[in-house]
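Colleague: I would like to learn how to read a model of this kind. Please start with contacts.

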Amino acid sequence: MPRVAILAGSKSDVPVLEPCLQTLSDLGIEHELHVMSAHRTPDKVQKFAASAADEGFEVIIAAAGMAAHLPGVVAAWTPLPVIGLPIGKPGMSGLDALLAIAQMPPGVPVACMAVNGAKNAALYAAAILALKHPNVRQALEAYRREQAEG
(Lines give C-alpha, C1' and ligand atoms only; values in the text may rest on other atoms or scores of the structure.)
Protein backbone atom coordinates (compact mmCIF):
# COMPACT_ATOMS: atom_id res chain seq x y z
CA MET A 1 0.00 0.00 0.00
CA PRO A 2 1.58 3.32 -1.04
CA ARG A 3 2.07 5.88 1.72
CA VAL A 4 2.51 9.63 1.59
CA ALA A 5 3.86 11.73 4.44
CA ILE A 6 2.49 15.25 4.73
CA LEU A 7 4.59 17.57 6.83
CA ALA A 8 3.33 20.94 8.05
CA GLY A 9 5.80 23.51 9.28
CA SER A 10 3.38 24.63 11.99
CA LYS A 11 -0.09 23.86 13.32
CA SER A 12 -1.39 27.01 11.64
CA ASP A 13 -0.57 25.43 8.23
CA VAL A 14 -2.83 22.41 8.79
CA PRO A 15 -6.10 24.03 7.57
CA VAL A 16 -4.46 24.81 4.22
CA LEU A 17 -3.64 21.09 3.88
CA GLU A 18 -7.27 19.92 4.08
CA PRO A 19 -7.71 19.66 0.27
CA CYS A 20 -4.53 17.58 0.13
CA LEU A 21 -5.69 15.20 2.84
CA GLN A 22 -9.15 14.88 1.28
CA THR A 23 -7.79 14.25 -2.22
CA LEU A 24 -5.40 11.56 -0.99
CA SER A 25 -8.30 9.93 0.87
CA ASP A 26 -10.53 10.14 -2.20
CA LEU A 27 -7.84 8.39 -4.24
CA GLY A 28 -7.40 5.67 -1.62
CA ILE A 29 -3.83 6.67 -0.80
CA GLU A 30 -2.67 6.06 2.76
CA HIS A 31 -1.19 9.18 4.32
CA GLU A 32 0.01 10.60 7.61
CA LEU A 33 0.16 14.21 8.72
CA HIS A 34 3.02 15.39 10.93
CA VAL A 35 3.81 18.86 12.25
CA MET A 36 7.50 19.73 12.46
CA SER A 37 9.59 22.80 11.82
CA ALA A 38 12.95 23.06 10.09
CA HIS A 39 13.75 25.86 12.54
CA ARG A 40 12.06 24.91 15.82
CA THR A 41 12.45 21.10 15.65
CA PRO A 42 15.37 20.45 13.28
CA ASP A 43 16.37 17.16 14.95
CA LYS A 44 12.81 15.84 14.54
CA VAL A 45 12.84 16.80 10.85
CA GLN A 46 16.20 15.12 10.28
CA LYS A 47 15.16 11.93 12.04
CA PHE A 48 11.85 11.74 10.19
CA ALA A 49 13.28 12.47 6.75
CA ALA A 50 16.23 10.11 7.14
CA SER A 51 13.95 7.22 8.15
CA ALA A 52 10.92 7.95 5.95
CA ALA A 53 11.82 5.45 3.21
CA ASP A 54 12.48 2.72 5.78
CA GLU A 55 9.10 3.52 7.36
CA GLY A 56 7.37 2.77 4.05
CA PHE A 57 6.72 6.27 2.75
CA GLU A 58 7.20 6.77 -0.99
CA VAL A 59 6.55 10.51 -1.36
CA ILE A 60 6.77 13.42 1.07
CA ILE A 61 4.71 16.61 0.79
CA ALA A 62 6.30 19.36 2.88
CA ALA A 63 4.27 22.52 3.44
CA ALA A 64 5.75 25.67 4.90
CA GLY A 65 5.29 29.41 4.84
CA MET A 66 7.57 32.40 5.10
CA ALA A 67 11.20 31.23 4.72
CA ALA A 68 9.83 27.76 3.81
CA HIS A 69 12.97 25.79 4.58
CA LEU A 70 11.13 22.59 5.49
CA PRO A 71 10.91 21.10 1.97
CA GLY A 72 14.60 21.70 1.26
CA VAL A 73 15.78 20.40 4.60
CA VAL A 74 13.66 17.28 4.16
CA ALA A 75 15.03 16.78 0.63
CA ALA A 76 18.57 17.01 2.00
CA TRP A 77 17.90 14.07 4.34
CA THR A 78 15.87 11.68 2.15
CA PRO A 79 16.18 9.99 -1.24
CA LEU A 80 12.37 10.16 -1.63
CA PRO A 81 10.67 12.67 -3.92
CA VAL A 82 9.73 15.79 -1.98
CA ILE A 83 6.89 18.05 -3.06
CA GLY A 84 7.14 21.54 -1.64
CA LEU A 85 3.90 23.35 -0.86
CA PRO A 86 4.35 27.08 -0.19
CA ILE A 87 1.85 28.43 2.32
CA GLY A 88 0.66 32.00 1.98
CA LYS A 89 1.16 34.06 5.12
CA PRO A 90 0.45 37.73 5.78
CA GLY A 91 3.05 40.01 4.28
CA MET A 92 4.21 38.58 0.98
CA SER A 93 1.15 36.34 0.44
CA GLY A 94 3.33 33.29 -0.07
CA LEU A 95 5.72 34.71 -2.65
CA ASP A 96 8.58 34.37 -0.17
CA ALA A 97 7.72 30.71 0.46
CA LEU A 98 7.30 30.03 -3.26
CA LEU A 99 10.72 31.47 -4.06
CA ALA A 100 12.40 29.64 -1.18
CA ILE A 101 11.09 26.32 -2.49
CA ALA A 102 11.49 26.99 -6.22
CA GLN A 103 15.10 28.20 -5.88
CA MET A 104 16.64 25.05 -4.43
CA PRO A 105 20.34 24.65 -5.22
CA PRO A 106 21.47 22.08 -7.78
CA GLY A 107 21.63 18.59 -6.35
CA VAL A 108 18.74 18.94 -3.90
CA PRO A 109 15.58 18.94 -6.03
CA VAL A 110 12.16 19.78 -4.64
CA ALA A 111 9.01 19.89 -6.77
CA CYS A 112 7.17 23.15 -6.16
CA MET A 113 3.41 23.61 -6.20
CA ALA A 114 1.48 26.88 -6.36
CA VAL A 115 0.96 28.87 -3.18
CA ASN A 116 -1.67 27.04 -1.12
CA GLY A 117 -1.90 24.44 -3.92
CA ALA A 118 -2.63 21.57 -1.54
CA LYS A 119 -4.92 19.66 -3.89
CA ASN A 120 -2.33 19.72 -6.67
CA ALA A 121 0.31 18.48 -4.23
CA ALA A 122 -1.86 15.42 -3.58
CA LEU A 123 -2.47 14.88 -7.28
CA TYR A 124 1.24 15.18 -8.05
CA ALA A 125 2.04 12.66 -5.32
CA ALA A 126 -0.58 10.37 -6.85
CA ALA A 127 1.02 10.75 -10.29
CA ILE A 128 4.38 9.70 -8.85
CA LEU A 129 2.82 6.71 -7.09
CA ALA A 130 0.86 5.76 -10.23
CA LEU A 131 4.14 4.86 -11.92
CA LYS A 132 4.49 1.90 -9.55
CA HIS A 133 1.00 1.19 -8.19
CA PRO A 134 -1.74 0.23 -10.70
CA ASN A 135 -4.51 0.89 -8.17
CA VAL A 136 -3.34 4.50 -7.77
CA ARG A 137 -3.08 4.90 -11.55
CA GLN A 138 -6.66 3.64 -11.93
CA ALA A 139 -7.93 5.95 -9.19
CA LEU A 140 -6.12 8.92 -10.73
CA GLU A 141 -7.46 8.12 -14.20
CA ALA A 142 -11.00 7.85 -12.79
CA TYR A 143 -10.54 11.18 -10.98
CA ARG A 144 -9.47 12.86 -14.20
CA ARG A 145 -12.40 11.38 -16.14
CA GLU A 146 -14.82 12.66 -13.51
CA GLN A 147 -13.15 16.04 -13.58
CA ALA A 148 -13.47 16.23 -17.36
CA GLU A 149 -17.15 15.28 -17.21
CA GLY A 150 -17.58 17.82 -14.46
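Modeller: A contact means heavy atoms within 4.5 Å. In the protein, 65% of the contacts with a separation of 6 or more come from residues 24 or more positions apart. This is a predicted model, where local features need pLDDT of at least 70 and side-chain atom pairs count only at pLDDT 80 or more, while totals for chains, interfaces and linings use all residues. Residues are numbered from 1 along each chain as its sequence is written, and side-chain values use heavy atoms, with hydrogens and water left out.

Colleague: In which order do the elements run from the N terminus on?

Modeller: Helices (H or I, at least four residues) and strands (E, at least two) are DSSP runs, numbered from the N terminus. Here the order is β-α-β-α-β-α-β-α-β-α-α, with 6 helices and 5 strands.

Colleague: Why does the radius of gyration agree with a compact globule?

Modeller: The radius is taken over C-alpha atoms, and the globule rule is 2.2 Å times the number of residues to the power 0.38. For 150 residues a compact globule would have a value near 15 Å, and the protein has 15 Å, so the two agree. The C-alpha trace spans about 40 × 35 × 30 Å along its principal axes.

Colleague: How many aromatic pairs does a search of the whole structure find?

Modeller: Rings of Phe, Tyr and Trp (its six-membered ring) pair if their centres lie within 6.5 Å; planes under 30 degrees apart count as stacked, over 60 as edge-to-face and the rest as tilted. The search finds 1 pair. Phe 48 and Phe 57 form this tilted pair, 5.6 Å centre to centre with 45° between the planes.

Colleague: Are Phe 48 and Phe 57 buried or exposed?

Modeller: Buried means under 20% relative accessible area, exposed over 50%, partly exposed in between (1.4 Å probe, protein chains only). Both Phe 48 and Phe 57 are buried, and 45% of the 150 residues count as buried.
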